[in-house]
Amino acid sequence: MPVKKVVKKKKNESATKADITKIESKINEDIESDNNKITKPTPKKPAEFEKDLNNNNTRYWLIKSEPLSRIDPVTKKDVKFPFSDLLEVEYEEWNGVRNYEARNNMLNMEKEDILLFYHSNTPSPGIVGLAKVANEAHPDSLQFNSKSNYYDSRSNKEAPKWWCVDVKFYRRFRSKITLQELRENESLVNMSLVKRGRLSVTPVRKEEYYEILKMESKKNISNNIDCEMDEKYIDP
DNA sequence: GCCAACGTTGGC
DNA sequence: GCCAACGTTGGC
């Protein structure tokens with residue numbers, strides 16, 4: 001029978017900042033090692049990438065977020081996440097996506113893929129800037145949290161249903177490119193955003209990405225992008 | 001595996 | 001706040 005080692009507690013013992021950092025990094029390591037034991041599903045690649053995939057090119061996607069306050073009726077929590085919030089963090093787990101097609105799109109993402117950041121549910125929705133994939137898809141932590149609105153009792157840790165990437169800030173646009181402007185552009189009529197309005201994570205073709213950059217380059221600098229963000233963030 | 005009922009998204 | 005579009009659920 002193993003003998004339990006008794007460690008006497010020091011007087012006035014309290015966790016220092018370094019202790020907390022150590023504990024946090026241990027937890028993160030554990031989570032990562034758990035995640036590595038799980039096989040990541042490999043869904044079909046979207047048709048938008050037929051050309052680019054073979055050449056190992058950077059790929060492009062569009063993700064939506066709500067910049068204005070809205071209280072979720074179930075959790076009573078504010079769902080808002082304006083683009084400027086990405087400045088506050090190293091990266092953000094893009095969790096809470098509960099649509100298979102959107103999930104599959106995230107599973108298909110690679111590190112450093114470009115993300116067009118779209119503000120939805122505003123008086124004038126549109127693309128406000130660019131983000132990048134910080135980390136490839138991993139199980140969405142909220143599906144196992146019974147207190148979360150995104151809890152899924154039918155998911156399990158051996159075969160998680162919901163996966164998501166981590167997102168990091170890249171740069172803001174000179175001005176918001178509105179949905180209306182995107183719709184008016186003839187070369188963007190086939191954009192997934194335009195055709196599949198409700199999907200929150202959509203693929204973007206390379207040609208579409210460059211067309212949008214072209215639209216941006218013609219714009220004057222405007223601070224009306226639904227959130228406070230300095231002009232210095234225009235250049236990467 | 002069909003499809004009615006229901007829930008969610010998000011522009012307007 | 002309305003509601004169209006569309007995804008999901010579950011009975012049969």
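How far does a polar side-chain atom of Tyr118 lie from a phosphate oxygen of DNA strand B? The distance is 2.7 Å, which is inside the limit for a polar contact (a pair of N or O atoms within 3.5 Å; within protein, one must be able to donate a hydrogen and the other to accept it, and residues adjacent in sequence count only if both atoms are side-chain atoms).

## Before we start

This is a predicted model, in which local features need pLDDT of at least 70 and side-chain atom pairs count only at pLDDT 80 or more, while totals for chains, interfaces and linings use all residues. Residues are numbered from 1 along each chain as its sequence is written, chains are lettered from A and ligands numbered from 1 in the order in which they are written, and side-chain values use heavy atoms, with hydrogens and water left out.

## The protein chain

Chain A has six helices and six strands (DSSP runs, numbered from the N terminus: helices are H or I with at least four residues, strands are E with at least two). Going along the sequence, the pattern is α-α-β-β-α-β-β-β-α-α-β-α.

Chain A has 236 residues, and 42% of them count as buried (buried is under 20% relative accessible area, exposed over 50%, partly exposed in between, with a 1.4 Å probe and protein chains only). As for contacts (heavy atoms within 4.5 Å), take those in chain A with a separation of 6 or more: 74% of them come from residues 24 or more positions apart.

## Around DNA strand B

Who sits around DNA strand B? The list is Lys64, Tyr118, Ser120, Asn121, Pro125, Leu179, Arg183, Gly197, Arg198, Leu199 and Ser200 (a residue is near a strand if one of its heavy atoms lies within 4 Å of it). Of the atoms of DNA strand B that come within 4 Å of the protein, 64% belong to sugar and phosphate. By class, the residues of this surface are four nonpolar, four polar and three charged (Ala, Val, Leu, Ile, Met, Phe, Trp, Tyr, Cys and Pro count as nonpolar, Asp, Glu, Lys and Arg as charged, and the others, Gly among them, as polar).

Arg198 goes for a base: a polar side-chain atom of Arg198 lies 2.2 Å from a base oxygen of DNA strand B.

## Around DNA strand C

DNA strand C has Asn99, Tyr100, Arg154, Arg196 and Arg198 around it. This surface divides into one nonpolar, one polar and three charged residues. Sugar or phosphate supplies 77% of the atoms of DNA strand C within 4 Å of the protein, and bases supply the rest.

Phosphate oxygens of DNA strand C turn up in several pairs. One is 2.6 Å from an N or O atom in the side chain of Arg196, one is 2.9 Å from a polar side-chain atom of Arg154, and one is 3.4 Å from a polar backbone atom of Tyr100.

## Helix H3 and its cap

Helix H3 covers residues 100–107, and its buried residues are Ala102, Arg103, Asn105, Met106 and Leu107. These buried residues pack against S1, S4, S5 and strand S6 (201–204). Asn99, one of the residues around DNA strand C, caps the N-terminal end of H3, with a side-chain oxygen 2.9 Å from the backbone nitrogen of Glu101.

## The loop between S4 and S5

Gln143 is in the loop between strand S4 (126–139) and strand S5 (163–178), and Ser155 lies in that loop too. Gln143 is buried, because its relative accessible area is 0%. Ser155 counts as buried because its relative accessibility is 10%. Their side chains are joined by a polar contact of 2.8 Å. Leaving out residues up to four places away in sequence, Gln143 also touches others, including Arg98, Tyr150 and Trp162, while Ser155 touches Gln143, Phe144, Pro160 and Lys161.

Ala159 has its place in the loop between S4 and S5 as well. At 48% relative accessibility, Ala159 counts as partly exposed. Ala159 and Ile38 are 121 residues apart in sequence, yet 7.0 Å apart in space, C-alpha to C-alpha.
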